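Visitor: Could you take me through this model step by step, please?

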Amino acid sequence: MASLSRRIPLIVPALIEVRNLVKQFRGVRAVDGASFSIRKGTCFGLLGPNGAGKTTTIEILEGITSPTSGELFYQGEPLGRRFRDEAGIMFQSTSLQEHITVREALKLFARLYPRSVPLKDLVASCSLEDILDRDTHKLSGGQRQRLLLAIALVNDPEVLFLDEPTTGLDPQARRRLWDLVRDIKQRGKTVLLTTHYMEEAYVLCDEIAIMDHGRIIAEGSPKALLAEHFHDVVLDLPAEDFHPDREDPELTALHCGDRVELLSSDVNDTIRRLIDAGVPLGRLQIRERTLDDLFLELTGKDLRK
Ligand SMILES: Nc1ncnc2c1ncn2[C@@H]1O[C@H](COP(=O)(O)OP(=O)(O)OP(=O)(O)O)[C@@H](O)[C@H]1O
């Protein structure tokens with residue numbers, strides 16, 4: 001009996017469920033029947049090219065925009081007041097009052113809620129110790145984002161919205177914010193993330209949904225989506241090294257700037273063919289397919305550009 005119960009998959013009910021969401025602006029159907037669900041304690045990434053409908057979808061969830069039609073549920077009930085009380089939002093840009101310190105800003109936002117996280121916990125969870133008495137207008141990009149994250153966490157939300165939280169940050173500040181988001185997730189919080197960085201989605205998200213033209217065109221864990229869509233790897237060479245001295249239809253290369261990429265579902269065979277064609281392999285790199293590749297394949301758009 002015990003072994004039977006171990007085999008039954010653990011079904012975690014959706015914390016947030018969106019069904020057939022539509023938003024029609026004058027002349028533009030920004031969201032066109034989007035459906036997805038977010039499980040409690042997970043990080044869910046909503047990805048898509050510019051104009052796909054991500055912001056509109058999120059603004060509907062946040063209660064900033066009303067939907068034209070569709071259903072939204074939070075903990076199995078129509079999404080309403082309770083959800084708004086239990087959600088925290090890290091906006092891309094929040095205007096902070098001039099000439100106040102980080103400490104004062106946090107106290108100011110804490111006063112807006114009936115219950116708030118003790119200041120020292122907030123400071124520790126967002127690594128703000130060293131900048132507590134600094135003017136909020138004299139922060140670096142990473143420090144500012146950590147403050148905005150702390151502000152989003154001030155009411156101890158169950159669900160946290162992160163709208164492109166690391167846009168414009170240097171790699172070190174970006175990684176630091178990723179660590180904070182991981183800690184938040186470990187505390188059982190649910191995170192809804194939008195990002196243009198596929199690596200960020202891969203690192204942080206348990207599930208992603210790719211949106212295009214207002215619809216969800218793929219949904220699943222990053223690893224499962226990659227396994228479902230790709231059965232090959234990429235062989236990458238400097239273009240100046242790739243001059244095969246014989247015709248081989250199996251060695252069709254895609255030119256990407258000063259490099260060429262060959263897709264291969266049998267690396268040993270491809271390498272053998274490259275050697276036979278006299279191609280030097282000293283600078284060969286082999287990589288697995290990434291979410292960038294998936295994004296390009298599904299939407300026809302390259303986020304790196
Ligand atoms: N208030 C509005 N009135 C009319 N059209 C709008 C409005 N808001 C958004 N749109 C349009 O709806 C579509 C979806 O926009 P949305 O901002 O949701 O996309 P997005 O995926 O968030 O894009 P981005 O990554 O560029 O922020 C776009 O064509 C946009 O121009």
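This is a predicted model: local features need pLDDT of at least 70, side-chain atom pairs count only at pLDDT 80 or more; totals for chains, interfaces and linings use all residues.

Visitor: Which helix gives the most to the shell around the ligand?
Guide: The residues around the ligand (C-beta atom, placed from the backbone, within 6 Å) include F25, V28, A30, K54, T55 and T56. Strand 2 (28-39) and helix 2 (54-62) each supply at least two residues of this shell, where helices are DSSP runs of H or I with at least four residues and strands are runs of E with at least two. With 3 residues, the one that gives the most is helix 2.

Visitor: Are helix 6 and helix 7 roughly parallel or roughly antiparallel to each other?
Guide: Helix 6 (residues 141-152) and helix 7 (residues 171-186) pack with their axes, which are lines fitted to C-alpha atoms over the stretch in contact, 9 Å apart and at an angle of about 20°. Angles under 35 degrees count as roughly parallel and over 145 as roughly antiparallel. Helix 6 and helix 7 are therefore roughly parallel.

Visitor: Which residues of helix 7 make the contact with helix 6?
Guide: Two residues are in contact if their C-beta atoms, placed from the backbone, lie within 7 Å. Helix 6 brings G141, G142, Q145, R146 and L149 to this contact, and helix 7 brings A173, R176, L177 and L180.

Terms used
Residues are numbered from 1 along each chain as its sequence is written. Axes are lines fitted to C-alpha atoms, for helices over the stretch in contact, and angles run from 0 to 180 degrees between N-to-C directions. Angles under 35 degrees count as roughly parallel, over 145 as roughly antiparallel, 65 to 115 as roughly perpendicular and the rest as oblique.
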